[in-house]
Amino acid sequence: MARTRYRFASQEHPHFLTCTVVEWLPIFTRPETAQVVFDSWSYLQEHAALRIYGFVVLENHLHAVAQAPNLPDVWKRFKSYSARNLIDLLKEQGARRLLDRMGFTFKARRSDRSYQLRQEGSHPECIEGDVMLRQKLEYIHNNPVKRGFVVDPEHWRWSSARCYAGRAGLVEVFRDW
């Protein structure tokens, strides 16, 4: 499949974003792999004015509603940094099966790297109002419930639903926009 080019619609609005692991491989099953995502987001919050309004990290994909002065560049930095660090972590952990699948998927198309972490393509959706923001947050927060992982959205550790319920979160979540 050819790489798709997509556009972020507006610098003034947050966007709904999705990242999916190639072949829907379950790489976010351990706290240390999910922590790579949160560390990257925290760094970008501090150094690139990334604002996260909501998120969920599941075993093979993540969703976020985010905004930044140059969101396309910031999101690219997030994807690049987290992919490199996740692949390094998987190598350290000896996750050969996962790495073999990521390598097989990637080698058919490119020769500059050994692995591909995420599926090609993306389609950011511009959030243009409170109603749409609430719909996307509800979708994000209920994702682990629909998949049968938890009964209540705030019980999923890797979700901003905890923040919206008044509990401590893993990264700063902006509830005003």
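A residue counts as buried under 20% relative accessible area, exposed over 50% and partly exposed in between (1.4 Å probe, protein chains only). The structure is a predicted model, in which local features need pLDDT of at least 70 and side-chain atom pairs count only at pLDDT 80 or more, while totals for chains, interfaces and linings use all residues. Residues are numbered from 1 along each chain as its sequence is written, and side-chain values use heavy atoms, with hydrogens and water left out.

Helices (H or I, at least four residues) and strands (E, at least two) are DSSP runs, numbered from the N terminus. Strand 1 is mostly covered, with five of its six residues buried. Two strands pair if DSSP finds at least two bridges between them. Strand 1 pairs with strand 3 in the antiparallel sense over six bridges, and with strand 4 (residues 125-126), also antiparallel, over two bridges. His-15 has Ala-66 as its bridge partner in strand 3 and Cys-126 in strand 4.

A nonpolar core is a set of buried Ala, Val, Leu, Ile, Met, Phe, Trp, Tyr and Cys residues joined through side-chain atoms within 4.5 Å. The largest has 54 residues, and Trp-75 and Met-102 are among those with the most contacts inside it. Helix 2 gives the most to this core, with nine residues.

The buried residues of helix 2 include Val-74, Trp-75, Phe-78 and Ser-82. An α-helix has 3.6 residues a turn, so residues three or four places apart point the same way. Helix 2 is followed by Gly-94, whose phi is positive, near 70 degrees.
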